[in-house]
Amino acid sequence: MAERSEIPVFQNSPILVLVLGFVTCGLYMIYWNMKVAEIFNKISGREVISTPIAVLAGCCQPVSAYFYYLAGQSLGDLGAMIGKAEELKGKSTLLLILGIFLSPVAAMIVQGHLNELYEKK
């Protein structure tokens, strides 16, 4: 697990993620996926989400669901850093279901939890 100082800062309002995703017709979500994958990989200390998965998740719905499942798996490591390990550990199924049906909502949830990492600094 990485130190907080090693983790890149990517703090946005969850509503901004939703709005930019729609305004840019999904192009922002490709960028967002890549940044989130980079952060989760740093937090976990290993490659949890590869860059090709992050890019394809912005274009292809089944890959997007898989991306959010992997993000949910990584929330346990994030929870350990912010002191909410038990609360965040079991969210992979929720994010998988939201990734299938409402991926913008899944993105908002993930961004909200990432923002907690930066508030605790």
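**Labels and their grounds**

Analyst: Start with Leu 96. Beyond its neighbours within four places in sequence, Leu 96 is in contact with Ala 65 and Tyr 69. Leu 96 sits in helix 6. Bear in mind that this is a predicted model.

User: What makes Leu 96 partly exposed?

Analyst: Its relative accessibility is 29%. Buried means under 20% and exposed means over 50%. The value of 29% falls in between, so Leu 96 counts as partly exposed.

User: How far is Leu 96 from Tyr 31 in space?

Analyst: The C-alpha atoms of Leu 96 and Tyr 31 are 20 Å apart. In sequence the two are 65 residues apart.

User: How many aromatic pairs does a search of the whole structure find?

Analyst: Four. One of them joins Phe 10 and Tyr 31, with 5.9 Å centre to centre and 75 degrees between the planes.

User: Why is the pair of Phe 10 and Tyr 31 called edge-to-face?

Analyst: Two tests apply. Ring centres must lie within 6.5 Å, and planes over 60 degrees apart count as edge-to-face. At 5.9 Å the rings of Phe 10 and Tyr 31 pair, and at 75 degrees they are edge-to-face.

User: What does the pair tie together?

Analyst: Phe 10 lies in the segment before helix 1, and Tyr 31 lies in helix 2, so the pair ties together parts that are 21 residues apart in sequence.

User: What makes Phe 67 and Tyr 68 an edge-to-face pair?

Analyst: Their centres are 5.2 Å apart and their planes are at 85 degrees. The edge-to-face limit is over 60 degrees, so the label holds. Both residues are buried.

User: Which residues do ring pairs link into a cluster?

Analyst: Phe 10, Tyr 28 and Tyr 31.

User: Which residues of helix 1 and helix 2 meet?

Analyst: Val 17, Leu 20 and Gly 21 in helix 1 meet Tyr 28, Met 29 and Trp 32 in helix 2. The residues of this contact divide into five nonpolar, one polar and no charged.

User: Is Gly 21 buried or exposed, and how do you know?

Analyst: Gly 21 has a relative accessible area of 11%, so it is buried under the 20% limit. Not counting residues up to four places away in sequence, Gly 21 touches Gly 26, Tyr 28 and Met 29.

User: What makes Cys 25 exposed?

Analyst: The limit for exposed is over 50%. Cys 25 has 72% relative accessibility, so it counts as exposed. Cys 25 lies in the loop between helix 1 and helix 2.

User: What is the phi of Cys 25?

Analyst: Near 55 degrees, a positive value in a residue other than glycine. Most residues other than glycine have a negative phi.

User: Where is Gln 111, and why is it called buried?

Analyst: Gln 111 is in helix 7. Its relative accessible area is 0%, under the 20% limit, so it is buried. Outside four places in sequence, its contacts include Phe 10, Val 17 and Trp 32.

User: Which residues have the most contacts inside the largest nonpolar core?

Analyst: Trp 32, Phe 40, Phe 67, Tyr 68 and Val 110, in a core of 34 residues. Helix 4 gives the largest share, nine residues. Val 110, aside from neighbours within four places in sequence, is in contact with Trp 32, Val 36, Phe 40, Tyr 68, Ala 71 and Leu 95.

User: What makes Ser 64 buried?

Analyst: Ser 64 has 5% relative accessibility, so it falls under the 20% limit and counts as buried. Ser 64 lies in helix 4. Leaving aside neighbours within four places in sequence, Ser 64 is in contact with Ala 57, Gly 99 and Ser 103.

Note on methods. Residues are numbered from 1 along each chain as its sequence is written. This is a predicted model: local features need pLDDT of at least 70, side-chain atom pairs count only at pLDDT 80 or more; totals for chains, interfaces and linings use all residues. Side-chain values use heavy atoms; hydrogens and water are left out. Helices (H or I, at least four residues) and strands (E, at least two) are DSSP runs, numbered from the N terminus. Buried means under 20% relative accessible area, exposed over 50%, partly exposed in between (1.4 Å probe, protein chains only). Contact means heavy atoms within 4.5 Å. A nonpolar core is a set of buried Ala, Val, Leu, Ile, Met, Phe, Trp, Tyr and Cys residues joined through side-chain atoms within 4.5 Å. Rings of Phe, Tyr and Trp (its six-membered ring) pair if their centres lie within 6.5 Å; planes under 30 degrees apart count as stacked, over 60 as edge-to-face and the rest as tilted. Ala, Val, Leu, Ile, Met, Phe, Trp, Tyr, Cys and Pro count as nonpolar, Asp, Glu, Lys and Arg as charged, and the others, Gly among them, as polar.
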